Amino acid sequence: MHFRLTRALVLAAFLAVPTAPLAAQAFPAHCAGTYLIEEDGGAMDFWTFAADGSFFGTTSTQELFHFSNQQGSWKKTGDDGARGVLLAFVWDDDDTLLTVARIDLAWQTVGAGCDRIAGSLVVRTFEAGEDPLDPGTDTGDPIASDTFSGRRVRAHS
C-alpha cells in the first residue's frame with residue numbers, strides 16, 4: 001500500500017527548485033482566481049486562490065489513488081511570488097483514513113500580469129502522532145516533488 005500511496009502522490013506531483021529561471025513579478029492579491037495546472041509529472045489540477053488567502057485544489061489522479069480534494073492557504077511573498085500549503089486526506093484501499101498529506105508550494109507569475117504561473121511543490125505525509133500543521137513533526141523524507149506551470153481560467157465575453 002505504501003508503494004501505491006507514494007506512486008499516487010508522485011503522479012499527483014506535489015517544492016523542488018524550478019528547472020528554469022522564471023520571468024517573475026510578485027503574485028498580487030488581484031491574481032486570485034482559478035488556474036489550470038500542468039505538473040511536469042503528468043497530473044493536471046484545478047487550483048483556486050481566493051482573495052482572502054484560502055486555497056483549494058482538485059487533481060486528476062485523486063480518485064484513482066484515494067485522496068481528497070485539497071484545501072489550505074496562500075500568501076504573497078514579496079517580489080518572489082507566493083507560497084501556499086494544501087492538505088488532503090488519504091484513504092487506504094478499504095476506505096479507512098490512512099494519513100494526511102501536506103503539499104508545500106511556491107510559485108511566481110510568468111511574464112506580465114497574472115495569466116501564467118510556474119513553480120514547484122513538495123509532498124509529505126503525516127502519520128499518527130505527527131501534525132500536518134507543523135511540518136517539523138514529520139519524521140520521514142518528502143515522498144514527492146515536482147514543478148508545474150499554470151494558466152488562469154478566464155470567462156470570455
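User: Which strand does Ala-88 lie in?
Analyst: This is a predicted model: local features need pLDDT of at least 70, side-chain atom pairs count only at pLDDT 80 or more, and totals for chains, interfaces and linings use all residues. Residues are numbered from 1 along each chain as its sequence is written, and side-chain values use heavy atoms, leaving out hydrogens and water. Strands are DSSP runs (E, at least two residues), numbered from the N terminus. Ala-88 lies in strand E5.

User: Is Ala-88 buried or exposed?
Analyst: Buried means under 20% relative accessible area, exposed over 50%, partly exposed in between (1.4 Å probe, protein chains only). Ala-88 touches residues including Ser-68, Thr-99 and Val-100, not counting those up to four places away in sequence; contact means heavy atoms within 4.5 Å. Its relative accessibility is 5%, so Ala-88 counts as buried.

User: How many bridges join E4 to E5?
Analyst: Two strands pair if DSSP finds at least two bridges between them. E4 covers residues 70-76 and E5 residues 82-91, running antiparallel. Gln-71 has Leu-87 in E5 as its bridge partner. The number of bridges joining E4 to E5 is 6.

User: In what order do the strands close into a barrel?
Analyst: There are 8 strands, with antiparallel pairing. The order is E1-E2-E3-E4-E5-E6-E7-E8.

Note on methods. Helix = DSSP H or I, 4+ residues; strand = E, 2+ residues; numbered from the N terminus.
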